[in-house]
Amino acid sequence: MSFSVGQVARLAGITVRTLHHYDEIGLLTPGERTHSGYRRYTDDDLTRLQQILLYRELGFPLDEIAVILDEPAADELTHLRRQHELLTRKATRLHEVIAAVERAMVARTTGITLTSEERFEIFGDFRPEDHDAETERRWGHTDAYAQSRRRVAAYTEADWLQLKAEAATITDDLVAACKVGLPADGTPAMDLAERHRGHITRWFYDCPHELHRCLGDLYVDDPRFTATFDDILPGLATYLRHAIHANARRHAP
């Protein structure tokens, strides 16, 4: 069975012009031609195209892809293993970036007054101000945003390091509870959710239980928040959400 250039373009989500270009540079030459000279792509051609597109996704230039694919000893499984490793690295880096955005959104760091050296010690190469626009767009109209902005503007390096250490302790305890299978609606997990709420109230803004419930939902509904928690432990975002909801019910009038 073979496919026309139009069919392959639709299957792969690329343009006919791209396929023509790949043919012209010898990267992907159709295995068959009709009597009229029209290109026909075989199953082997589609396999090679898949490899080309995966390497393109990883940022390889076309000339390097040609060299890689034409290695005599490299078969399809070899390429897939290599691509899996490269994609995993890329995903890890993406999760790091997502975690940086999470820290900016939660910390509400607009107005921070630390020196460059202090900021690097606390945040590494993450720049909180790069995410101020999104933070303000999403929460700038709320009282919580205004309250948090006033607070963090006055924080010293010692304040930020203490805040960071307390948050890490809460996260570590949540991970431990989740790993040993403590129910999210049990007393220990609900107590951890209350500590989480208290941490927000202490360092950023007053966080009543109903607002805390909304944050719990955000941790699951926003993929960036979910990735931040689940990168630490798969399922942690959902576990924390359930614990927050259970704790809010426990404190309901």
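Predicted model: local features only at pLDDT ≥ 70, side-chain atom pairs only at ≥ 80, totals over all residues.
I started with a pair of helices: H11 passes H13 in a left-handed crossing. Left-handed here says that the near helix is turned anticlockwise from the far one by less than a right angle, while clockwise would be right-handed. Helices are DSSP runs of H or I with at least four residues, numbered from the N terminus.

Residues are numbered from 1 along each chain as its sequence is written, and side-chain values use heavy atoms, with hydrogens and water left out.

**H11 on H13**

I looked up the packing of helix H11 (residues 209–221) on H13 and got an angle of about 165°, with the axes 8 Å apart. That makes the two roughly antiparallel, the word for angles over 145 degrees. The axes are lines fitted to C-alpha atoms over the stretch in contact, and angles run from 0 to 180 degrees between N-to-C directions.

**H10 on H13**

Next came helix H10 (residues 187–203), whose axis comes within 8 Å of that of H13 and crosses at roughly 90°. H10 and H13 are therefore roughly perpendicular, a label for 65 to 115 degrees. The contact includes Met190, Glu194 and His196 of H10 and Tyr239, Ala243 and Arg250 of H13.

**H13 itself**

H13 covers residues 236–250, 15 residues in a 21 Å reach from first C-alpha to last, close to the 21 Å expected. The expected span is 1.5 Å times one less than the number of residues. I noted its buried residues (under 20% relative accessible area, 1.4 Å probe, protein chains only); they include Leu236, Tyr239, Leu240, Ile244 and His245.

**Cysteines**

I looked for disulfides, pairs of cysteine sulfur atoms within 2.5 Å, and found 0. For Cys207, the closest cysteine sulfur is in Cys214, 9.1 Å away, so too far for a bond. Cys207 is buried at 1% relative accessibility, and Cys214 is partly exposed at 44%; partly exposed lies between the buried limit and the exposed one, which is over 50%.

**Lys90**

Last, I checked Lys90, found in helix H5 (residues 76–107). Lys90 is partly exposed at 40% relative accessibility. Leaving aside neighbours within four places in sequence, Lys90 is in contact with Glu57 and Leu58. Leu58 is 32 residues from Lys90 in sequence, yet 8.0 Å away in space, C-alpha to C-alpha.

Note on methods
Parallel < 35°, antiparallel > 145°, perpendicular 65-115°, else oblique. Contact = heavy atoms within 4.5 Å.
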